[in-house]
Amino acid sequence: MATTPNATTPAELGWSPQALLRRMRGADEIAHLITFIAAATLLLITVLLVFQLWVHSAEARAKFGWTFFVTRTWDPVAGDFGALPFIYGTLVTSAVALVIAVPLGVGAAIFLAELAPPKLSSSLTFVSDLLAAVPSVIYGLLGVFLLVPLMRKTVQPALKSTLGFLPLFKGPTYGIGFLTAGIVLAIMVVPFVLSVSREVLLAVPRDQREAALALGATKWESTWKVVVPAARIGIFGSVFLALARALGETMAVTMVVGNNPMISASLFSPGYSIAAVLANEFSEATGNLYLSALIELGLVLFLLTFVLNGLARLLILVTTARGSGVLPS
Amino acid sequence: MRIAKVLAVFAVLLALGTVTVAEGGQVLLNAAGATFPYPMYSKWFDVYRQAHPNIQINYQSIGSGGGIRQLLDKTVDFGASDGPMNDDQLKQASVPILHFPTVMGADVPSYNVPGVSAELNFTPEALAGIFLGKITKWNDPAIVSANSGVKLPADDIVVVHRSDGSGTTYIWTDYLSKISPEWQTKVGKATSVNWPVGLGGKGNEGVAGLIQQTPDSLGYIELIYAIQNKIAYGRVKNSSGAFVKADLASVSAAAAATAKFMPDDFRVSITNPEGKAAYPIASFTWLLIPSKFSDTAKRDAVKDFLKWMMTDGQQYCEGLAYAKLPKEVVVKEMKAVGKIE
Amino acid sequence: MSVRLIWRKSLNAFMLSLTGLCALLTVSALFFILGYLVWNGGKDLSWNFFTHLPAPVGEPGGGMANAILGTLKLLLLAALVGVPIGLLGGVYLAEFGGRTMPFLVRYTADLLNGVPSIVIGIFAYALVVIPMHHFSTLAGGFALGIMVIPTVLRNTESFLRDVPPALREGSFALGANKWKMIATVVLPAASRGILTGVLLALARVAGETAPLLFTAFGNRYWSPGWNQPTSSLPVVIYTYATGPYEDWHQQAWAAGLVLLGLVLLTNITVRAFLSRGSSYERI
């Protein structure tokens with residue numbers, strides 16, 4: 001990995017020291033400026049994005065105000081729009097995804113970081129990283145043609161007969177719905193949890209493990225009581241990274257969530273997510289108010305990401321004394 | 001530096017890509033809209049292109065609502081829709097928009113009721129009641145009375161509708177508005193509405209899939225999708241009291257009943273028409289053409305295509321299960337082509 | 001052995017095998033997906049698929065040559081938009097910058113990374129498509145490019161930070177100034193990781209459908225130049241998978257296999273090439 005420093009030899013520095021110093025400063029400043037501009041472009045794009053969403057949602061914001069967030073109707077003919085079912089659907093599908101993906105991803109990361117021989121660990125990580133590269137539309141394709149029939153015929157009836165007393169698993173089994181969307185999302189975000197968690201686990205110093213083992217701890221005890229706590233900040237980071245992906249996922253969810261603005265406690269129920277309603281209706285919303293309401297939904301989604309990101313950071317700032325607040329990615 | 005090399009390769013590729021622009025004289029037209037006539041349009045544009053290699057019409061089936069929106073946003077050269085543009089939408093356009101009927105289609109009530117293999121009959125009252133959420137069981141008297149001899153289960157009806165804006169929905173809600181005052185006041189007609197009950201599927205295919213997968217379901221889809229997916233669909237009682245099945249003849253009959261009264265802007269609804277043989281939930285589908293083109297090559301190409309579509313093009317309709325345009329309508333449209341400047 | 005020790009040992013064995021099961025489940029998902037796509041899409045792959053334009057609906061034959069080329073063109077544009085900004089921005093974060101600005105940029109990058117791709121699509125539609133009155137390859141490339149920036153930026157930063165301080169110090173000691181140190185020592189040392197990050201980011205956007213729906217749109221034919229709508233593999237897969245025709249579904253599987261193959265092969269080749277025979281370490 002390390003290349004030999006291809007540094008300037010003293011022979012090339014043969015001019016007057018003052019001029020050289022000035023020149024160096026100038027070049028450094030230009031480099032600083034150019035990279036600063038690149039970094040600022042990112043800020044600019046984001047500000048422009050918020051600005052666009054804000055301006056184009058003005059009509060809906062003026063008409064509905066805060067009631068937009070608590071209204072359950074979505075009626076394009078009467079011009080009555082509320083965001084609640086979409087916010088609910090987005091949160092529920094993402095929650096289902098995390099409930100599945102976090103234990104699976106962290107468990108796999110522990111195996112890869114602590115147990116597997118290095119060769120196996122690196123090849124399995126390689127495979128997991130390839131999994132992260134699988135395009136979301138492919139998940140949608142498999143979701144529609146493979147997972148939905150499987151859920152309808154096998155998984156949901158089984159859940160209903162065993163856990164049917166819970167309100168979560170009641171109602172008719174359509175195959176599509178919150179649960180199916182959550183499962184697709186879970187498979188999509190597991191590699192993110194895995195790769196970040198594995199990296200932070202590996203970053204925990206070796207001697208901490210060895211100390212625990214020397215004190216007579218089993219492998220699992222040293223892992224669970226010493227290594228994982230030491231790495232928990234990074235693991236939290238991986239969870240929020242996964243959450244960000246899950247909230248933002250559009251196509252795979254659209255294809256399996258059921259596309260019906262309903263609020264139901266049952267995970268079998270069809271629902272809708274903000275991203276899915278945008279994909280379905282943005283290109284065809286004809287009224288100005290309709291379009292504006294959709295763009296406000298986009299704004300809501302953006303703000304949701306914003307708040308969650310803020311929370312993640314706060315959490316990290318609180319749990320770490322270091323306080324740099326950098327999410328590993 | 002490796003990264004610099006990679007960037008250089010990219011730059012060269014980009015330059016190469018830019019060089020391969022269109023050969024001179026090519027007319028590239030972009031259009032978007034309705035999904036229902038897509039098989040017909042893709043056939044037409046392909047055959048037309050073989051005869052006129054310099055004209056390339058790229059049609060994307062993004063839905064009727066989308067066709068109207070994109071035409072108003074001027075991101076496409078022309079649009080297509082299963083529901084005519086309303087007055088508000090026409091006002092938003094910077095140049096007047098002309099409607100050109102191309103073919104006809106029908107919405108059919110499709111169902112999946114385990115144990116029922118007979119073709120079901122639906123009265124307008126039953127359809128309105130089911131979609132309003134007032135009729136909830138398959139063995140409701142409103143359904144049973146029209147289907148003597150068929151044993152219907154006491155199960156809940158699972159209503160399936162479109163989740164996206166669609167001309168199919170427009171035709172269906174237009175029909176329900178005509179036959180049910182309650183539907184008209186409570187829900188109304190549009191490419192997307194606030195459904196009182198039901199599951200949403202995206203696209204005709206999404207709805208067809210849901211019906212196939214969900215026992216005891218009832219939904220509406222375009223005729224060709226029911227045929228393609230081999231889903232059962234029922235007869236509907238028309239204004240003369242006859243139960244009619246949707247096919248080329250009954251859809252043509254619906255159009256013939258209205259052809260005489262065709263308004264000059266071609267924006268006409270042919271749902272619930274008169275005539276014993278007419279299927280009541282049928283509609284024209286339209287190309288939406290701006291009356292002014294700034295590019296004369298594009299204008300000439302569009303005009304020539306329209307004329308070809310109404311004459312030579314019609315021969316391909318029935319092979320794809322679309323009903324041909326009535327003669328009177330073709331004559332009227334030919335005149336309207338002259339309005340494009 | 002005391003009961004407690006037995007309990008501890010069996011818990012140890014149980015939990016460790018559970019983590020192994022987690023790992024097995026996760027990695028087997030990839031083989032399952034790949035296998036299922038090969039099973040369903042493999043038989044429809046033919047030479048025509050790669051060299052022909054789509055046939056009219058319901059007619060046999062036809063391919064997706066235009067969609068494959070369209071995807072490549074979109075990725076090229078995405079790289080041109082996203083990589084310079086991301087790379088230089090990453091250098092800024094790792095090498096320059098004070099306190100507030102890097103925090104703000106990092107935060108924004110994570111935020112932008114979490115912005116749903118569909119919102120990026122709306123943004124590109126409002127910013128590029130509406131003013132140009134045209135769906136175009138450019139608009140699609142712009143949308144994908146924006147999505148590339150945060151990933152490349154954060155990746156570049158983290159790889160630059162991993163470069164051992166000794167290298168920098170050595171360079172300084174030899175009298176190099178800062179930008180020279182960055183350009184000749186730090187960047188080359190981190191280049192393998194950075195390039196991997198770039199290609200990973202591109203592989204990610206290669207499969208993005210949502211931002212292309214209202215930007216690159218679709219095209220039945222070849223898309224000449226950069227100013228016309230273009231077909232792309234993800235959008236074609238989405239359209240065909242949700243379309244009503246059996247032969248469309250078949251082609252969607254085949255296209256899915258091609259897209260996945262494209263993404264995975266790029267990944268594998270790049271990683272294998274970059275690791276140069278040494279054991280695979282990170283990313």
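## Chain A and its contact with chain C

The contact between the two chains takes 81 residues from chain A and 91 residues from chain C, where residues are in contact if their C-beta atoms, placed from the backbone, lie within 7 Å. The largest share of the side of chain A that touches chain C comes from α1(A), with 18 residues. Other elements giving two or more residues to this side include α3 (84-115), α8 (219-248) and α11 (288-319) of chain A. Helices (H or I, at least four residues) and strands (E, at least two) are DSSP runs, numbered from the N terminus.

This is a predicted model, in which local features need pLDDT of at least 70, side-chain atom pairs count only at pLDDT 80 or more, and totals for chains, interfaces and linings use all residues. Residues are numbered from 1 along each chain as its sequence is written, and chains are lettered from A and ligands numbered from 1 in the order in which they are written.

| Class | Residues of chain A |
|---|---|
| nonpolar (Ala, Val, Leu, Ile, Met, Phe, Trp, Tyr, Cys, Pro) | 54 residues |
| polar (the others, Gly among them) | 23 residues |

Chain A has 11 helices and 2 strands, in the order α-α-β-β-α-α-α-α-α-α-α-α-α from the N terminus on. Of its 329 residues, 52% are buried (20 or more other C-beta atoms within 10 Å of their own, C-beta atoms being placed from the backbone).

α8(A) bends by about 60° at A:R232, the angle between axes fitted to the seven residues ending there and the seven starting there.

Key. A residue is buried if 20 or more other C-beta atoms lie within 10 Å of its own, exposed if 12 or fewer, and partly exposed in between; C-beta atoms are placed from the backbone.
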